[in-house]
Structures are given as C-alpha cells and as structure tokens.
Amino acid sequence: MKIPRFVIAGTNSGCGKTTITSAIISALRKREVKVQPFKIGPDYIDTMFHSFIAECDGRNIDSFLFKEETLKYLFSKNGENAEVCVCEGVMGLFDGMGKTTKSSTADVSKIIKAPVIIVVNAKGMAVSIVPIIKGFVDFDRNLNIAGVILNNVKSDAQYMFLKNIINEYTDVEVLGYFPETESAKIGSRHLGLITAGEIEKLENKMDILGEQAEKTIDIDRILEIAENSPELKFKNVLPEELKDKFKGMKIGIAYDMAFNFYYRDNIDLLEYMGIETVFFSPIRDEQIPDVDALYIGGGYPELFPLELTRNVTMRHSIKDFAENGGYIYAECGGLIYMSEKIKTFDGNEYSMTGVLAGGCTMTNKLQHFGYVEVTDRLTGEKTKGHEFHYSLEDIKDTCLFNVSKTRGNSKTTWKSGYTYKNVVASYPHIHFYSNLDMIVNFIERAYEEVYNA
C-alpha cells in the first residue's frame, strides 16, 4: 500500500518535537491537506493535540505494545485514506528499552519504512551542531534520515549561518527552522503537557504555529519526502469471527475533563465487535446511561476531586451498578475513581465511588513509569501496558495482576489490579491490541450474562 508518511524525531526529550509536529500539521491543514497524525509510544496527551489540529482522531503506534504485524496493520488501516501521515516520535530518536533501541522511534520508523526528520535544538550552537547530526546519521545507516529542522533559532541570519555549516560538513538536507514562540507555548504538569481541552484559545495558538511553519519550514519539500516513501505491506490481524460478535451490547465510556485517556483503536475495536459505545460524564451527568458494561479510562481525577465528589447521584449509580453485578473495566484514573476516596496533593480527602474498599493518595513523585507486562494471576494470561502515575493505592479487594518491568537483565514484579464482583480496576493502561483475547473474554462474560441469562 502506498501511504505518504514521515516521522518527526528528536535528539532528546524537550527538543521541540511536539511544537514542530503541531506546527507542520497546522500548516498542512491550512493547505486543506488531509492529515492522519500518529504518536509513537503510549502517550495520550500529544495525541489529543494532534486530533485537535488535524480534525481527526490521532493514533498511537508502538513496537512494545504491538507485534510488528499488528503495528503495520494499525498504521495502514488508519492511514490508508489520508493524503499524508505525520508521526511524532517519542523521547530521543534511538531511546528505547533500557540500553537498547528496541521500541524506540527509530525502531518504529523502520517497521513502517518511514523517512525521518530530526528536530535539533540549535540554541547556542555553531559548528558543534555538525557532530550531533553526523552522529545520529552514522549510528544506524539502515534508518532513512531525510532531513533536519533546527529549533530555537533567533533569526534568518542565524539559520543561514547554521545551514551553511551543516551543508559544508554533511549530506543531510536542512528543511527549515523554528524560532522560540512564546505566544504558542503550552504549559505542563505532573503527567506532562496540559491537555488540549483545557487550553484557552488553543486554535489561535495552533494557527500561530502553522503560520510560522509556512514561513520558515519547507513544507513542499517535506511533502515530496513523504510521497517518496516505499510501499508498505500489511496483513489484517482482526479475526473475522469478531465482526459484530457482540451486536446489541452497549458499553458506557466515561469521558470528560477528568477521564479522557483512551486509545481510539480500543474504542474502534469495541465498535467492530458490534458494541454501541455511549459516552457519559462522571462530572456533569446525573447517572450512568442504560448500558451493559462500563469502561472508565485514565485522566486527571485528582484535578477535579470536588466536582467528582459533589456528583453524588453519579457516584451512587456506579456503585449500585457494580453491586448488582455490572461489568466495569477501569484503569489508572479510573482505578482512583473506583476507590472509596482520594487524598490529593494538598492533603485533602474526597469521596469517590466506593466500589473498591480502600483509597488512593497522590504523592510528589512518580510511583511507576514505563512499559510493563501484565499477568492475570488466575489464568496466567499476559498482555502489555504502560504505567505513569503519582498516586499510591491501599485497596483491600482481591489483587488480580502481577505487573513486571524489565530493565536490562533485571526484572521487577509487583502486585496491581483489583477485582470485586465483576469489576476490574488497575493502574496499567492497556492497549487492547496487545492481547485481543483478554478484552474479548471480559466482554464475552458480560455479554453472556446479559443476553443468555
């Protein structure tokens, strides 16, 4: 399949990947180019910005969470109708698992055969920029590095000075630059950037970025590079027997300012299986909708504890649903909401749904961060996920999972995930395509109870 595509990678985290990716997407949309954005890695927040700018659902591609064929399938399925696919990398180009490049931006770029454009922070640089660029090119000659974009450049004159140096010492094409843009800066907090839905006048900020990209980045040349991407072959990894398997079933999905960390491919999978997805707000709505199961994802419940605790009718409706045998799958922020209470950063306590016995406490440091393998302690079934949270739990209900993280030759394992009646709640964010069987088996139990009772 011919899919025009390119990857925006960085020399390191914080070099400006997200800003420049957003700027390029914005410039392309102003040209009325149909863009499909992707984020390499498990990040939800960058994907929200991509979705806002491109006016379509951003997607995640990840070579830890997915097998290679699954990754190529999800990329091709989601990108087949786009005029260009814009992929933002994660961390530095070669930063992967431990001391390896496995699951890095470079790893994914090679799997999808995408040309790579590197963002280099040029602040305070002159000739020293050359060994940085040459080092990235020489490190892996099997990677197609098609060009560089210089970030934090003060003027056209400085850009031409740097471009001439790069042209003199390397064969790497310089595709433009980006200045420091104060008016379009995005704030951050303990889990990363502030989400797209919280930023006032976000459209204006993205317009500023797009206009700047048109001025100082060679968008036409980038499109040429994307068009020259090789053909990508893939296989359909979705079993045909799953198509409409659970037709007639309804799943309520919590979605508002407190809960908005979802992989769109997870929701698409539910709909592929014939399930109607019904969105509701634990903050605004009085009670859950008339559904057969609930899916409560991650987010920032710790930032909206007062709103969540004041919505007593919603909390009671979820608690009653669980007590009556309702099926609930919750993760990370959803786990916090399933507990009895949350103690926030300021030490205050707020009531949650009380489905699980015990509470959660916010701390001032990351408790678990990174890729994990999740094992069901009852069945031995495994899947992969990602943890990123500042909270600690003290839950009394049955522990369901063993979670492990591997670094080099060492492996750390801890208990996580809790079950009560037909409720499953855990910290790891799970992409359903990591192991389709786990989510299918959970839904099948709910479906049989509702429709074969």
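Two strands are said to pair if DSSP finds at least two bridges between them, and strands themselves (E, at least two residues), like helices (H or I, at least four), are DSSP runs numbered from the N terminus. The model shown in these views is predicted, so that local features need pLDDT of at least 70 and side-chain atom pairs count only at pLDDT 80 or more, while totals for chains, interfaces and linings use all residues. Residues are numbered from 1 along each chain as its sequence is written, and side-chain values use heavy atoms, with hydrogens and water left out.

View 1. Strand β6 (residues 145-151) is largely enclosed by the rest of the structure, because seven of its seven residues are buried, where buried means under 20% relative accessible area, exposed over 50% and partly exposed in between (1.4 Å probe, protein chains only). Strand β5 (residues 116-121) pairs with β6 in the parallel sense over six bridges, and Ile118 has Val148 of β6 as its bridge partner. With helix α5 (residues 129-139), β5 and β6 make a right-handed β-α-β unit; a crossover is right-handed if, with the strands pointing away from the viewer, the path from the first strand over the helix to the second runs clockwise. Strand β7 (residues 174-178) also runs parallel to β6, to which three bridges join it, and here the bridge partner of Val148 is Val174. From β6 the chain crosses through helix α6 (residues 156-169) to β7, in a β-α-β crossover that is right-handed.

**View 2. The largest nonpolar core and the surroundings of Ile318.** A nonpolar core is a set of buried Ala, Val, Leu, Ile, Met, Phe, Trp, Tyr and Cys residues joined through side-chain atoms within 4.5 Å. The largest one has 156 residues, of which Ile24, Leu93, Leu150, Met273, Ile318 and Met338 touch the most other members. Helix α13 (residues 436-451) gives the most to this core, namely eight residues. When neighbours within four places in sequence are left aside, Ile318 is in contact (heavy atoms within 4.5 Å) with residues including Ile288, Leu294, Tyr337, Met338 and Val355.

**View 3. Ser26 in helix α1.** Ser26 lies in helix α1 (residues 17-30) and is buried, with a relative accessible area of 4%. Leaving aside neighbours within four places in sequence, Ser26 is in contact with Ile53, Met206, Asp207 and Gly210.

**View 4. The open sheet that contains β18 and β21.** Four strands in the order β17-β16-β18-β21 form this open sheet, and their pairing is mixed. At its edges are β17 (349-351) and β21 (391-395), each of which pairs on one side only. Strand β18 (residues 358-362) runs antiparallel to β21 and is joined to it by five bridges, with Gly358 standing opposite Ile395 in β21.

View 5. Rings of Phe, Tyr and Trp (its six-membered ring) pair if their centres lie within 6.5 Å, and planes under 30 degrees apart count as stacked, over 60 as edge-to-face and the rest as tilted. A search of the whole structure finds 20 aromatic pairs. Among them, Tyr255 and Phe279 form an edge-to-face pair, 6.0 Å centre to centre with 90° between the planes. Tyr255 lies in the loop between β10 (250-254) and β11 (259-261) and Phe279 in strand β12 (residues 276-280), so the pair ties together parts that are 24 residues apart in sequence. Tyr255 is partly exposed at 39% relative accessibility, and Phe279 is partly exposed with a relative accessible area of 41%. Tyr295 and Phe432 form a tilted pair, 5.6 Å centre to centre with 35° between the planes, and both of these residues, Tyr295 and Phe432, are buried.
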